[in-house]
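Please keep the sequence and the coordinates open while reading.

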Amino acid sequence: MKERFRIIDFFLNSPVACGVTKKPKDPIVDIDAADVDDELAAVEYIEDIYNFYKLTVDDVHEKFELTSESLYLTVNIVDSFLSVKIVPRRELQLVGISSMLIACKYEEIWAPEDFIAISDNAYVREQVLLMEKAILGKLDWYLTVPTPYVFLVRYIKSSIPADKEMKNMTFFYAELGLTNYATIINYSPSMLSASAVYAARYTLIRSPLWTETLKHHTGYSEDQLMECAKLLVGLYFVVGENKLKAVARKYSNPERGAVALFAPARNLVSSV
């Protein structure tokens, strides 16, 4: 009986019954309205800033309670350095430690001093400093780069309502993407971030899946994101089999909404 009433209600309130033959366009929400008086938000420049980010994207986190900015910058530094320098396998961990140290000096108020300990003292302080110098030299000290983090913050804000569950799920997908080389090589930081938002909305059954507000602020349509979103959800399906389990453990924590324990968006994978 309830289903019957739903069907009747649908037809009574359908566009045709109401004399509307064209679906009204989903309005674009001004997500910066609340920040207009905040000088640090730079509302008058925000669109230009993110357009600039898009044009320049050529290119042990939980243990130390580092910021998300440090995590994403570390990955960027490692990838950028390895793209211009061949490194022996035995030195890869040294590259990682040194990259994180650089990122922390750039992003954190205080950089942790015991990074060497997490390598079981495989390296000495002088080796870390030499590698740090080598990395900075190869990168010409260019560290102000648009990592996925800067886009994630903006795009999550555009995903109304931008609640904690949405934020945690989006970051979970984005960080799964960081652990997959094909993802960060084939997709720009802005597309990876937008796809993480889309995958999160799909998983959390948010309707509509993609809004005019999101399309406006990300610059991507739903169709453009499907391939990357499918890849992210695919990583979610095999997260239990992956040797890199840190992301799953991190987002299984109740403090992060335990979003890693949610059912994956199976329909998204099968529909792409």
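Predicted model: local features only at pLDDT ≥ 70, side-chain atom pairs only at ≥ 80, totals over all residues.

W141 counts as exposed because its relative accessibility is 63%; the classes used here are buried for under 20% relative accessible area, exposed for over 50%, and partly exposed in between, computed with a 1.4 Å probe on protein chains only. W141 is located in the loop between α5 and α6. Its phi is positive, about 60°, although W141 is not a glycine.

Residues are numbered from 1 along each chain as its sequence is written, and side-chain values use heavy atoms, with hydrogens and water left out.

The protein chain holds 13 helices and 0 strands. Helices (H or I, at least four residues) and strands (E, at least two) are DSSP runs, numbered from the N terminus. Of the 272 residues, 42% count as buried. The accessible surface of the chain comes to about 16,400 Å², and carbon and sulfur atoms account for 56% of that surface. These areas come from the Shrake-Rupley method with a 1.4 Å probe; for residues, only the protein chains shown count as cover.

Helix α5 runs over residues 125-138. The buried residues of α5 are V128, M131, E132, I135 and L136. Seen down the helix axis, these buried residues fall within an arc of 135°, so they line one face of α5. The arc refers to the directions from the helix axis to the C-beta atoms. L130 and K133, on the other side of α5, are exposed. The buried residues of α5 pack against α3 (68-82) and α4 (92-107), where contact means heavy atoms within 4.5 Å.

Next come the nonpolar cores. A nonpolar core is a set of buried Ala, Val, Leu, Ile, Met, Phe, Trp, Tyr and Cys residues joined through side-chain atoms within 4.5 Å. The largest one has 45 residues, and Y72, M169, F172, Y173 and L176 have the most contacts inside it. At least two residues of this core come from each of α3, α6 (148-158), α7 (164-178), α9 (189-203), α11 (222-237) and α12 (246-250). Apart from this core lies another, of 18 residues, among them V87, Y123, I135 and L136. Neighbours within four places in sequence aside, L176 is in contact with L232, L235, Y236, V239 and V247.

Y198 lies in helix α9. Is Y198 buried or exposed? Y198 is buried, because its relative accessible area is 1%. Not counting residues up to four places away in sequence, Y198 touches L209, W210, E222, L225, M226, A229 and L268. One of these, L209, is 11 residues from Y198 in sequence, with the two C-alpha atoms 6.9 Å apart. The side chains of Y198 and E222 are joined by a polar contact of 2.7 Å. A polar contact is a pair of N or O atoms within 3.5 Å; within protein, one must be able to donate a hydrogen and the other to accept it, and residues adjacent in sequence count only if both atoms are side-chain atoms.

The loop between α9 and α10 is the next stop. I205 is found there, and its phi is near 55°, a positive value in a residue other than glycine. I205 counts as exposed because its relative accessibility is 73%. P208 is found in this loop as well, and the peptide bond from S207 to P208 is cis, with omega near -5°. T211 also belongs to the loop between α9 and α10 (212-218). At 14% relative accessibility, T211 counts as buried. A polar atom of the T211 side chain lies 3.1 Å from the backbone nitrogen of L214. Residues up to four places away in sequence not counted, T211 touches D26 and R201.

A cis peptide bond also joins I160 to P161, with omega near -5°. P161 lies in the loop between α6 and α7.

Methods. Expected span 1.5 Å × (residues − 1).
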